[in-house]
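Please look over the sequence and the model shown here before reading on. The paragraphs that follow lead through aromatic contacts, backbone geometry, domains and pockets.

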Amino acid sequence: MPLTGIRVLDLTRIISGPYCTMILADLGAEVIKIEAPGEGDPVRHQGVVRDGLSWYFANYNRNKKSVTLDLYTAQGKEVLADLIASSHVLVDNYRPGVLQKMGFGDERLKALRPDLVRCSITGFGPSGPYRDRPAFDFIAQAMSGFMSLNGGEDDPPMRVGPPISDLVAGVNAALGVVASLLRRERTGQGDTLDVSLLGSMVGLLSFHASNFFASGSVPSRTGNDHGLVAPYGLFATADGQVAIAPSNDAMYQKFIDALGLPMLREHPDFETNAKRMRNRPALKALIEERTRQHDSAYWITRLNQYGVPCGPVLSLKEVFEDPHVQSQQLAMDVPHGAHGPVRMLDLPIRFEQACRGSPRAAPALGADTEEVLKQLGKTVPDIEALRSQGVI
C-alpha cells in the first residue's frame, strides 16, 4: 500500500482525528493509537454497542494498534518521547497549546525527530480570538455559515446529519499528511500542519462564497432546489419523488424532451435559466403535472435514457441493498474475534497496483501495549514496572 513503512503516532479521539488516522491506516501506515489506561477513546462506549463492542468505534479505528499510556506521568511522557522519536507522523486533536504544556512543544518535537510530520486538528485553528474555545461538529456547522445555507427558504437553519466538519477535517488532515510525507521524501524536512473544523467547513462553501464575494449579497436557503440552476431538485411522481438535476441549458432541453413537454422550450417565462429561476414555482408545477402521471421507476429509466441525471431518494437500508452500491464494495465485513463480523464503511479509494490486505479489527484497549514497548527496547521487568505504577 502507498504508506507501507510509515509509522503514525495517533494522539486523537472522538471522530476528526481517528478518521484521519483511519485513512492513513487504510493506506498502509502503521498507526499506534495512544489511549488513557482504563478509559480509552470515549467513542468505545458510544453508538450501538453489541456484546461490549461499539461498532462506531470499530469503523474508525480499524487497522490500528492500541497502546495505553498515562501521559500525566513522567514515565508516560518518557515512553511518548520514545514513540515520537520512532515515528514519521504525529497526529493530535488536542486544543492549541496542550502538547506544549505536556513538554512537547515544537522545539522538543524537532529535537526528538527532526523530520517529523506533525498534524494538529483543532476546532478553530492555532491562532485567533477563538483558538481556545471548545468545538464540536454542530458548532462548526453553525459558525461556518454552512448551516445558514441548509434547509428550506422559510425553515430555520439546519445541520447536516452526518458529522461533516469532523469528517472533512479528517480528510483534509490525511491529505496534508500525505503531501507533507511527499515533501519530506524530496527534501528530508518534516513539517507542521494545522487543520480546523471551522476552516474545513468554510472551505466547503463553494459557489455560495464565490457569489457572495462577487455580489455582496447573502444567499438564501433553497432547500432541495439549486442556488444557480432551475429546474433542479425533487419532483413528485405517482408513487413518491425523484431527484432530477438538469444542470445546464443543454441538459434542460434533454429534460423537456424526456418529459414530452416541447411547449416549455418556447415559453417566454422559461426560455433562459435566469427566467426559470425567477419563475421556479410555476415551472415546477408544470413539470410535476407531468411526472405525477407515472411512477418513479418509469421516470428514472426514461430520464437516464435521455442522459438526464436523476435518481431515487434512498433510505440507508435501500442504499446498502442497492445492487450498484454492492458492486462498488462500499461496505465490508471485518472479523472481530468473538464479536463476529462487524459491517462498516470501506475507504472509497481503489488502486490498480497497490495490494491491500485484509482489514484488521479495531484493537481492544491496550491490546498492543506490550508489543510496541518491546519494539522500543523495554524489557519484561520494565513493562511490569510501568503496569504496576498504572502508567500502562
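**Rings, backbone and pockets**

Ring pairs link Tyr19, Tyr56 and Tyr60 into a cluster, where rings of Phe, Tyr and Trp (its six-membered ring) pair if their centres lie within 6.5 Å, and planes under 30 degrees apart count as stacked, over 60 as edge-to-face and the rest as tilted. The model is predicted, with local features requiring pLDDT of at least 70 and side-chain atom pairs counted only at pLDDT 80 or more, while totals for chains, interfaces and linings use all residues. Residues are numbered from 1 along each chain as its sequence is written, and side-chain values rest on heavy atoms, with hydrogens and water left out.

Over the whole structure, the search finds six aromatic pairs. One of them joins Phe124 and Tyr130 in an edge-to-face arrangement, 5.8 Å centre to centre and with 70 degrees between the planes. Accessibility is described here by relative accessible area, with buried meaning under 20%, exposed over 50% and partly exposed in between (1.4 Å probe, protein chains only). On that scale Phe124 is buried at 10%, whereas Tyr130 is partly exposed at 35%. Another aromatic pair, formed by Phe212 and Phe213, is tilted, with 6.1 Å from centre to centre and 55 degrees between the planes; Phe212 is partly exposed because its relative accessibility is 35%, and Phe213 is exposed because its value is 68%.

Rings also meet charged groups in this model. A charge is said to sit over a ring if NZ of Lys or CZ of Arg is within 6 Å of the ring centre and within 35 degrees of the ring normal. The charged end of Arg276 is placed in this way over the ring of Tyr252, 3.8 Å from its centre, and the charged end of Lys284 sits over the ring of Phe235 at 5.6 Å from the centre of that ring.

The backbone deserves a separate look. Ala230 and Pro231 are joined by a cis peptide bond, with omega about -5 degrees, and Pro231 is placed in the loop between α9 (206-215) and β9 (233-236). Leu83, in helix α3 (residues 74-85), is buried, with a relative accessibility of 0%.

At the level of domains, whose bounds come from an automatic or database domain assignment, the protein is divided into domain 1 (7-205 + 329-389) and domain 2 (233-315). The centres of domain 1 and domain 2, taken over C-alpha atoms, are separated by 44 Å.

The pockets come last. On a 1 Å grid over the protein atoms alone, a pocket is an open set of points where a 1.4 Å probe fits, with protein on both sides within 12 Å along at least five of seven lines, and lining residues have an atom within 4 Å of a point. Grid points are joined across faces, edges and corners, and a volume is the space filled by probe spheres set on the points. The largest pocket has a volume of about 1,100 Å³. Its lining comprises 36 residues, of which Leu11, Arg13, Asn93, Tyr94 and Arg95 are the closest to its centre, and the elements giving two or more residues to that lining are β2 (30-35) and β7 (117-122).

The second largest pocket holds about 750 Å³ of space. Which residues lie closest to the centre of the second largest pocket? Of the 22 residues in its lining, they are Asn59, Tyr60, Phe320, Met344 and Leu345. The elements that give two or more residues to this lining are α1 (16-26), α2 (55-60), α15 (316-321) and β13 (341-345), with α2 giving the most, at four residues.
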